[in-house]
Amino acid sequence: MSAPLLEIRDLHKSFGSVEVLKGVDCTVQAGEVISIIGSSGSGKTTMLRCVNMLEDFEGGSIRIDGEEIGYLTDGGRRRRKPEREIARQRALTGMAFQQFNLFPHMTALENVMLGLTLVKKMPADAARATAEGWLDRVGLLNRKDHRPSKLSGGQLQRVAIARAIAMSPRLMLFDEVTSALDPELVAEVLQVITDLARDGMTMLIVTHEMRFAFDVSNRVIFMNQGRIGEEGDPKTMFANPSTERLAEFLKNSRFS
Amino acid sequence: MGYTLNFSAVWRSFDDLLFGLGLSLLLAVLSIGIGCLIGLVLAFGQTARQPLLRAPAGLYVTVFRNTPLLVLVLISFFTLPQLGLRLSKTNSFVLALSLYSGAYLAEVFRGGLLGVPKGLREAGLAIGLTEGQIRRRIILPIMLRAVLPALGSTFIGLFKDTSLAAAIAVPELTFEARKINVESFRVVETWLVASALYVGTCSILAALLRRVEARLSLAG
Ligand SMILES: Nc1ncnc2c1ncn2[C@@H]1O[C@H](COP(=O)(O)OP(=O)(O)OP(=O)(O)O)[C@@H](O)[C@H]1O
Ligand SMILES: [Mg+2]
């Protein structure tokens with residue numbers, strides 16, 4: 001077996017005195033598409049945010065292509081890496097958020113170009129070409145000069161995904177990217193993610209869309225109270241949950 | 001009874017009033033320019049995560065917002081030379097108004113910073129931007145657009161505050177008007193014209209700022 005793309009070992013994370021992640025282990029191979037499901041507050045978002053160092057964590061380690069993310073240990077002491085180094089490591093992963101978080105003062109094209117010019121140091125015309133290519137891929141090239149205030153929720157999320165993907169991350173993180181959308185706009189966003197999965201992008205997808213999780217992923221992780229409660233291939237898990245918790249969760253979920 | 005308006009004395013010295021107005025504008029532009037820089041640094045300081053940055057910024061704002069501008073002007077003009085810092089009348093006034101406007105503008109900017117959604121910083125971090133790049137390229141431009149209306153009225157208020165420079169005989173508009181008043185005894189006429197100049201200038205400033213606002217609006 002090849003070296004894993006992502007390796008999470010015994011991840012612990014607390015907010016104040018409340019431990020939210022209580023030892024999460026997870027290994028992801030290149031090309032895998034993994035859905036993370038679980039009830040509200042089980043720690044799904046927090047886990048993704050740790051991988052992208054949007055949250056500090058107190059225990060355990062996260063490696064991408066063998067490189068330790070966020071912290072270094074010398075002489076037994078664990079220290080946060082310098083901010084520049086963390087910024088570079090964050091660019092290894094792309095993230096799409098529930099609230100899109102597009103930069104409102106920039107057009108769709110400028111949103112996608114910003115990281116290319118500032119982080120990847122691409123010359124403006126190369127960045128423009130790359131950004132236009134990705135906007136085309138998400139079907140929004142004809143909206144490239146629109147500000148976010150002039151785009152629908154589904155379009156905003158597709159631009160946000162293009163912005164993340166354009167950085168050619170090793171791994172994409174999706175955190176409930178359709179939860180803020182009107183029902184009729186969900187499909188266009190899921191289609192974009194499905195296309196990326198087909199192209200071999202490695203992805204961790206937190207979602208409440210069970211049908212989508214079932215269709216798109218090679219593996220499903222069920223988070224339960226800060227731990228991985230159960231994991232496996234979607235067919236087996238959805239048909240024969242081996243824990244009471246998952247059975248209960250699935251029973252209360254929509255599967256449409 | 002009956003006071004007959006006679007503007008001839010004022011018109012004769014009208015050039016002085018215009019030069020005074022020019023100096024008022026210059027004082028305002030310099031002080032507001034420096035004040036904006038001070039205000040930006042303070043606003044980022046006050047909203048920083050490190051308490052070590054927040055405390056001094058907060059102290060500055062408290063001190064300079066709660067001292068009357070006239071007192072600052074007098075301190076700057078009369079006490080700094082005692083401490084060995086010799087400034088011209090004009091420079092000492094610019095210093096006082098800069099420090100004072102820095103505190104007011106800090107409050108305006110701070111309000112704007114608090115209104116920038118947290119998610120935008122995280123979206124910037126997620127594509128690998130550094131905190132400095134996020135501040136310059138994302139937070140600052142969004143904040144400035146949001147505070148433009150408040151900024152406009154603060155600028156106009158600070159422009160009017162330049163009239164306090166008359167207290168230390170800086171020859172700006174109010175000082176020139178008082179001179180004409182004293183020399184000609186045309187009290188009503190002099191102050192009518194001086195007020196009209198202030199009102200006219202402020203109206204033009206307000207109109208200009210509204211155009212900038214419309215052009216930079218995020219809704220567009
Ligand atoms: N910044 C924070 N400060 C304090 N507690 C937090 C913070 N963020 C999350 N939590 C808590 O951590 C726990 C896990 O939250 P998390 O957002 O990871 O859950 P989730 O599985 O993503 O839930 P949901 O399905 O509702 O999005 C919750 O109890 C939440 O209240
Ligand atoms: Mg969540």
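Predicted model: local features only at pLDDT ≥ 70, side-chain atom pairs only at ≥ 80, totals over all residues.
**A guided set of close-ups**

**Figure 1. A buried glutamate, A:E176.** With a relative accessibility of 13%, A:E176 counts as buried, because the cut-off for that class is under 20%. A:E176 sits in the loop of chain A that runs between β9 and α6. Which residues does A:E176 touch, once neighbours within four places in sequence are left aside? They are A:K44, A:Q98, A:V206 and A:H208. Look also for A:Q99: its C-alpha atom is 9.0 Å from that of A:E176, although 77 residues separate the two along the chain.

**Figure 2. A:T178, in the loop between β9 and α6.** Here we stay in chain A, where A:T178 has its place in the loop between β9 (171–175) and α6. Is A:T178 buried or exposed? Its relative accessibility is 6%, so A:T178 counts as buried. Setting aside neighbours within four places in sequence, the contacts of A:T178 are A:V186, A:V189, A:L190 and A:E209.

**Figure 3. Helices α5 and α6 of chain A side by side.** Find α5 at residues 153–165 and α6 at residues 183–198 of chain A; their axes come within 8 Å and cross at roughly 20°. An angle under 35 degrees counts as roughly parallel, and therefore α5(A) and α6(A) are described that way. Their crossing is right-handed. On the α5(A) side, the contact is made by A:G153, A:G154, A:Q155, A:Q157, A:R158, A:I161 and A:I165. The partners from α6(A) are A:L185, A:E188, A:V189, A:V192, A:I193 and A:L196. Sorted by class, the contact of these two helices holds 7 nonpolar, 4 polar and 2 charged residues.

**Figure 4. The nonpolar cores.** In soluble globular proteins, nonpolar side chains tend to be buried together. In this model, the largest nonpolar core has 134 residues. Which residues have the most contacts inside that core? They are A:L6, A:F174 and A:M203.

**Figure 5. An exposed proline, A:P123.** Look for A:P123 in the loop of chain A between α3 (108–118) and α4 (124–137). The relative accessible area of A:P123 is 52%, and because exposed means over 50%, this proline is exposed. How many residues along the chain lie between the positions of A:P123 and A:G232? They are 109 residues apart, and their C-alpha atoms are separated by 44 Å.

Figure 6. A:D65 is not a glycine, yet its phi is positive, at about 50°. You will find A:D65 in the loop between β4 (59–64) and β5 (67–68) of chain A. With a relative accessibility of 42%, A:D65 counts as partly exposed. A:Q225, also a residue other than glycine, has a positive phi near 50°. The loop that holds A:Q225 lies between β11 (219–224) and β12 (227–232) of chain A. A:Q225 has a relative accessible area of 46% and is partly exposed.

Figure 7. Chain B has 9 helices and 0 strands. Its C-alpha atoms fill a box of roughly 75 × 50 × 25 Å along the principal axes. Of its 220 residues, 45% count as buried. Among contacts in chain B between residues at least 6 apart in sequence, 77% join residues at least 24 apart. Now move in on α2 (residues 14–46) and α3 (residues 51–65) of chain B, whose axes come within 7 Å and cross at roughly 130°. α2(B) and α3(B) are therefore oblique to each other. The crossing of α2(B) with α3(B) is left-handed. In the contact, α2(B) supplies B:I38, B:L42, B:G45 and B:Q46, while α3(B) supplies B:L53, B:R54, B:A57, B:G58, B:Y60 and B:V61. By class, the residues of this contact divide into 6 nonpolar, 3 polar and 1 charged.

How values were computed
Residues numbered from 1 in each chain as written. Chains lettered and ligands numbered in written order. Heavy atoms only, no water. Axes fitted to C-alpha atoms, helices over the stretch in contact; angles between N-to-C directions. Helix = DSSP H or I, 4+ residues; strand = E, 2+ residues; numbered from the N terminus. Parallel < 35°, antiparallel > 145°, perpendicular 65-115°, else oblique. Left-handed = near helix turned anticlockwise from the far one by under 90°. Contact = heavy atoms within 4.5 Å. Nonpolar A, V, L, I, M, F, W, Y, C, P; charged D, E, K, R; others polar. Core = buried A, V, L, I, M, F, W, Y, C linked by side-chain atoms within 4.5 Å. Buried < 20%, exposed > 50% of the residue type's maximum accessible area, 1.4 Å probe, protein only.
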